[in-house]
Amino acid sequence: MELARRVETLEQEVENLVPRINPCYVAYGAYKDIERIVKGRRFLPVYISGLSGNGKTTMIEQICANLGREFVRANITKETDEDDLLGGFRLINGESVWVDGPAVVAMKRGAILLLDEVNLNPDKIMCLQPVMEGKPVFLKKINQYVYPVEGFNVLATANGKGQGGEDGYDKFIGTQIMNEAFLERFAMCVEHDYPTRAIEKKIVLGYMKREECVDDQFADMLTRWSEAIRKTFNEGACDDIVTTRRLEHIVTMFGIFRDRINAVEKGVARFSKDTKKSFLDLYTKIDASVTAPAAPAVDQNATYTNIDDIGNLRVDLKVSYDDRLVVKQNGAQWDPNTKNWYISGTVYNRDLALWNKFQPKISTSQYALQA
C-alpha cells in the first residue's frame, strides 16, 4: 500500500490571522504588561492563570487585534496530541497531504501562539518542549526542521497554575498537575482576576450598547450583584460564581426579552436549585424595582417533623465557625444577605438528627424558599 503519494505543506487559506477588534472590550488587569511583551516581539513565554470567564483569552486576542499581530489559538483537550499541535497527514482529494499544526503555523508566520486551557493534557503537550525554548522543532514524519520567525511567542491560559490543590480551582474537571520541566519554560506567570466593579460596569454598558438596550441603572445593579457573589465565593461560603462572561449572557437576554428579572433568571438557570434561588434573592435585594415574592405564612411554634409538613420552606440554622464545613458538605447554603446558613425542607428531612443539632428554624424572611 502506498501510504503517501505526495507530501506538501498546505498554507493557510486566509491571508492574515489578525483577530477582529471587539468594541466592547475594556482593558484591565495584566493587559498593559502582556501588550508590552507582544509589542516588543521578543520570545518570552507567559502563563496566565485565573478563574473561568474573567477575560484571559479575550485579553490576548484583543492585544493582538489592536497591535495588528497574527494570533493562532490551540484549544487543549484531553484528546490533544502531537499530531494536533505540530501537524500530520490528512487525506485530501484522495492523496495523503501534510498539514501544519497550529504551533508550526505560528512559528512560520511569527505569530502569537495561544495554548488555551493548557493544563487539560500535560502529557501530550510535552512535544512542544523545543517550541517553548524558542528553538527549531523537528517534524520527524516529513524529516524537516521548522525555525521560528522573529515575533513568534507562546502564551498559555488555564484555570490554575498547573500544580494542583489550588483554592477555587477544584471545580474545573479535567485539569491536571503539569510537568515541572514544561512549567519552568514559562518565563513569566500572571494571575488574572475579575475586573473591578467600575471597569466591569463599562464592559456591561458596552454589551448593552451592542444589544441596543442601554440601562445604566441595570448595569450598576448587575455589577454590584456579581461583586457581592464573588466576595462570598472568595470567603468560601459559596461554591459558584457569576463571571464577567455570565453578565454578557444576561445582557444579551435583556436585549431580547427587555425584562431585568427575566434576564437574570435565565442567566442563573444553569446553577443548582438552591444556588439559583440564593443568587436571585440577592439580586432582588439589590434591585428595588423588582418585588420579591412574599414568604408563605408559617407557624413558628409548630413542630415540623417531615417534608410534608414544611414543604420547600427555608430552614435557618445556627452554625458555629467550627461546624461550617460539616453543614456545607451535607447540603447547607450560605446566605450573604442574612449571614446565615440554611437548608431547604427537602435537605432537612434527609437527616433530622443532624440538622436538629443546629437549632433549625423556619424562615419568615423575604428570602425564604418558596413551595
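Which strand pairs with β10 (residues 314-317) in the antiparallel sense over four bridges? Strand β12 (residues 340-344) does. The notes below start there. The model is a predicted one.

1. **The β10–β13 sheet.** Four strands make up an open sheet, and their order is β11-β12-β10-β13. Pairing is antiparallel. β11 (333-335) and β13 (361-362) are the edge strands, each with a single partner, so one side of each has no neighbour in the sheet. Between β10 and β12 there are four bridges. Within that pairing, Val315 sits opposite Ile343 of β12.

2. Asp335 and Arg314 form a salt bridge, with 2.7 Å between the closest N and O atoms. Asp335 belongs to strand β11 and Arg314 to strand β10, so the bridge ties together parts 21 residues apart in sequence. Are the two partners buried or exposed? Asp335 has 3% relative accessibility and is therefore buried, the cut-off being under 20%. Arg314 is buried as well, at 1%.

3. **The β3–β4 hairpin.** Strand β3 (residues 87-92) runs antiparallel to β4, and six bridges join them. Leu91 has Ser96 of β4 as its bridge partner. Two residues lie between the strands of this hairpin, and Asn93 takes a positive phi near 55°. How many of the six residues of strand β4 (residues 95-100) are buried? Five are, so β4 is largely enclosed by the rest of the structure.

4. **Largest nonpolar core.** This core has 34 residues. Leu113, Leu115, Val118, Leu128 and Phe182 touch the most other members. Elements giving two or more residues include β2 (71-75), α3 (82-86), β5 (112-116) and β6 (137-139). α5 (129-132), β8 and α6 (180-183) are also among them. α4 gives the most, with five residues.

5. **Leu115 in detail.** Leaving out residues up to four places away in sequence, Leu115 touches Ala74, Ile76, Leu128, Val154, Leu155, Ala156, Thr157 and Phe182. Two of these contacts, Leu128 and Phe182, are named with Leu115 among the core residues that touch the most other members.

6. **A separate core.** Another core lies apart from the one above. It has 29 residues, including Val204, Ile229, Leu247 and Phe279.

7. The whole structure holds 23 salt bridges. One of them joins the side chains of Glu227 and Arg197, at 3.2 Å from N to O. Glu227 is partly exposed at 41% relative accessibility. Arg197 is also partly exposed, at 32%. Both belong to a salt-bridge network that also contains Lys201, Asp216, Asp220 and Arg224.

8. **From α7 to α9.** Glu248 forms a salt bridge with Arg210, with 3.2 Å between the closest N and O atoms. Glu248 is in helix α9 (residues 244-257) and Arg210 in helix α7, so the bridge ties together parts 38 residues apart in sequence. Glu248 has a relative accessible area of 21% and is partly exposed. Arg210, at 39%, is partly exposed too.

9. **The α7–α8 loop.** Glu211 is in the loop between α7 and α8. What does Glu211 touch, not counting residues up to four places away in sequence? Its contacts are Val251, Thr252, Gly255 and Arg258. The C-alpha atoms of Glu211 and Phe254 are 8.4 Å apart, although 43 residues separate them along the chain. Glu211 is partly exposed, with a relative accessible area of 23%.

10. **A nonpolar surface patch.** Which residues form a nonpolar patch on the surface? They are Phe138, Tyr145 and Tyr147, with about 370 Å² of accessible area together. Tyr147 is located in the loop between β7 (144-146) and β8 (153-158). Its relative accessible area is 55%, so Tyr147 is exposed.

How values were computed
Residues are numbered from 1 along each chain as its sequence is written. This is a predicted model: local features need pLDDT of at least 70, side-chain atom pairs count only at pLDDT 80 or more; totals for chains, interfaces and linings use all residues. Side-chain values use heavy atoms; hydrogens and water are left out. Two strands pair if DSSP finds at least two bridges between them. Patches are made of residues with over 30% relative accessible area and no salt bridge: like charges are joined within 9 Å, nonpolar side chains (Val, Leu, Ile, Met, Phe, Trp, Tyr) within 5 Å. Accessible areas come from the Shrake-Rupley method with a 1.4 Å probe; for residues, only the protein chains shown count as cover. A salt bridge is a side-chain nitrogen of Lys or Arg within 4 Å of a carboxyl oxygen of Asp or Glu. Buried means under 20% relative accessible area, exposed over 50%, partly exposed in between (1.4 Å probe, protein chains only). A nonpolar core is a set of buried Ala, Val, Leu, Ile, Met, Phe, Trp, Tyr and Cys residues joined through side-chain atoms within 4.5 Å. Contact means heavy atoms within 4.5 Å.
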